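Hi,

Here is the structure I promised to pass on. Have a look at it first, and then read my notes below.

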Amino acid sequence: HGWREPLPAACEASAIGVSLSGLSKTVGLPGLRLGWLASRSPAVIQRVAQLKDYTTICPPAPSEVLGAVALRAQSALLERSRAIAAEGLAAARA
(Lines give C-alpha, C1' and ligand atoms only; values in the text may rest on other atoms or scores of the structure.)
Protein backbone atom coordinates (compact mmCIF):
# COMPACT_ATOMS: atom_id res chain seq x y z
CA HIS A 1 0.00 0.00 0.00
CA GLY A 2 1.04 3.54 -0.59
CA TRP A 3 -0.10 6.55 -2.51
CA ARG A 4 0.27 5.99 -6.22
CA GLU A 5 -0.74 7.94 -9.27
CA PRO A 6 -4.46 7.38 -9.89
CA LEU A 7 -5.56 5.34 -12.87
CA PRO A 8 -7.15 7.31 -15.71
CA ALA A 9 -10.88 7.75 -15.36
CA ALA A 10 -13.01 5.52 -17.58
CA CYS A 11 -14.48 8.61 -19.23
CA GLU A 12 -10.94 9.65 -20.21
CA ALA A 13 -9.88 6.20 -21.36
CA SER A 14 -12.86 5.39 -23.60
CA ALA A 15 -15.25 7.37 -25.78
CA ILE A 16 -18.16 5.51 -24.19
CA GLY A 17 -16.63 5.12 -20.72
CA VAL A 18 -18.56 6.26 -17.68
CA SER A 19 -16.93 7.46 -14.46
CA LEU A 20 -18.89 7.63 -11.22
CA SER A 21 -18.05 9.55 -8.09
CA GLY A 22 -19.73 10.99 -5.06
CA LEU A 23 -19.32 12.42 -1.61
CA SER A 24 -19.92 9.21 0.34
CA LYS A 25 -16.58 7.46 0.50
CA THR A 26 -14.14 10.02 -0.86
CA VAL A 27 -14.88 12.83 1.57
CA GLY A 28 -16.77 10.84 4.19
CA LEU A 29 -20.26 12.28 3.75
CA PRO A 30 -22.51 9.28 2.98
CA GLY A 31 -25.58 10.87 4.56
CA LEU A 32 -25.81 13.43 1.78
CA ARG A 33 -26.28 10.72 -0.85
CA LEU A 34 -24.94 12.93 -3.64
CA GLY A 35 -22.95 11.77 -6.62
CA TRP A 36 -22.33 12.33 -10.29
CA LEU A 37 -21.13 10.68 -13.43
CA ALA A 38 -19.09 11.81 -16.39
CA SER A 39 -18.91 10.54 -19.95
CA ARG A 40 -17.76 11.91 -23.28
CA SER A 41 -20.72 10.22 -24.96
CA PRO A 42 -23.73 12.52 -25.40
CA ALA A 43 -25.92 9.42 -25.93
CA VAL A 44 -24.86 7.96 -22.58
CA ILE A 45 -25.45 11.25 -20.78
CA GLN A 46 -28.87 11.65 -22.41
CA ARG A 47 -29.93 8.11 -21.47
CA VAL A 48 -28.76 8.50 -17.89
CA ALA A 49 -30.60 11.83 -17.63
CA GLN A 50 -33.79 10.10 -18.85
CA LEU A 51 -33.40 7.36 -16.25
CA LYS A 52 -32.73 9.89 -13.52
CA ASP A 53 -35.80 11.90 -14.49
CA TYR A 54 -37.85 8.71 -14.28
CA THR A 55 -36.55 7.64 -10.85
CA THR A 56 -35.73 10.87 -8.98
CA ILE A 57 -37.41 14.24 -8.74
CA CYS A 58 -34.55 16.13 -7.08
CA PRO A 59 -32.20 15.83 -4.14
CA PRO A 60 -33.08 17.68 -0.94
CA ALA A 61 -32.00 21.33 -1.05
CA PRO A 62 -30.01 21.08 2.23
CA SER A 63 -28.01 18.19 0.76
CA GLU A 64 -27.23 20.24 -2.35
CA VAL A 65 -26.01 23.18 -0.23
CA LEU A 66 -23.91 20.94 2.02
CA GLY A 67 -22.55 19.17 -1.06
CA ALA A 68 -21.42 22.49 -2.53
CA VAL A 69 -19.73 23.38 0.77
CA ALA A 70 -18.03 19.95 0.80
CA LEU A 71 -16.71 20.41 -2.74
CA ARG A 72 -15.22 23.78 -1.78
CA ALA A 73 -13.55 22.10 1.22
CA GLN A 74 -12.59 18.99 -0.75
CA SER A 75 -8.84 19.23 -0.05
CA ALA A 76 -9.31 19.35 3.71
CA LEU A 77 -11.91 16.57 3.64
CA LEU A 78 -9.67 14.34 1.50
CA GLU A 79 -6.76 14.95 3.85
CA ARG A 80 -8.98 13.96 6.79
CA SER A 81 -10.09 10.78 4.98
CA ARG A 82 -6.49 9.87 4.16
CA ALA A 83 -5.44 10.38 7.78
CA ILE A 84 -8.26 8.13 9.02
CA ALA A 85 -7.33 5.46 6.45
CA ALA A 86 -3.63 5.65 7.38
CA GLU A 87 -4.48 5.35 11.07
CA GLY A 88 -6.66 2.31 10.38
CA LEU A 89 -3.97 0.70 8.24
CA ALA A 90 -1.35 1.27 10.95
CA ALA A 91 -3.68 -0.27 13.56
CA ALA A 92 -4.30 -3.29 11.32
CA ARG A 93 -0.57 -3.82 10.86
CA ALA A 94 0.16 -3.53 14.60
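R33 sits in the loop that links strand 1 (18–22) to strand 2; helices (H or I, at least four residues) and strands (E, at least two) are DSSP runs, numbered from the N terminus. R33 is not a glycine, yet its phi is positive, at about 55 degrees. With a relative accessibility of 72%, R33 counts as exposed; that label means over 50% relative accessible area, while buried means under 20% and partly exposed lies in between (1.4 Å probe, protein chains only). From R33 to A94 it is 61 residues in sequence and 34 Å in space, C-alpha to C-alpha.

Before you go further: this is a predicted model, where local features need pLDDT of at least 70 and side-chain atom pairs count only at pLDDT 80 or more, while totals for chains, interfaces and linings use all residues. Residues are numbered from 1 along each chain as its sequence is written, and side-chain values use heavy atoms, with hydrogens and water left out.

Now for the whole chain. It has four helices and two strands, in the order α-β-β-α-α-α along the sequence. Its radius of gyration is 16 Å, well over the 12 Å that the globule rule gives for 94 residues, so the chain is more spread out than a compact globule. (That radius is taken over C-alpha atoms, and the rule is 2.2 Å times the number of residues to the power 0.38.) The C-alpha trace spans about 50 × 35 × 20 Å along its principal axes, and 17% of the 94 residues count as buried.

Next, S39, which lies in strand 2 (residues 35–39). S39 is buried, at 17% relative accessible area. Polar atoms of its side chain lie 3.0 Å from the backbone oxygen of G17 and 3.1 Å from the backbone nitrogen of S41. Beyond its neighbours within four places in sequence, S39 is in contact (heavy atoms within 4.5 Å) with C11, I16, G17, V18, V44 and I45.

Then there is helix 4 (residues 74–93). Its 20 residues should span 28 Å at 1.5 Å a residue, and its end C-alpha atoms are 28 Å apart, which agrees; the expected span is 1.5 Å times one less than the number of residues. Which residues of helix 4 are buried? They are L77, L78 and S81.

Leaving out residues up to four places away in sequence, V27 touches Q74, L77, L78, R80 and S81.

Cheers

Methods: Polar contact = N/O pair within 3.5 Å; in protein donor to acceptor, adjacent residues only side chain to side chain.
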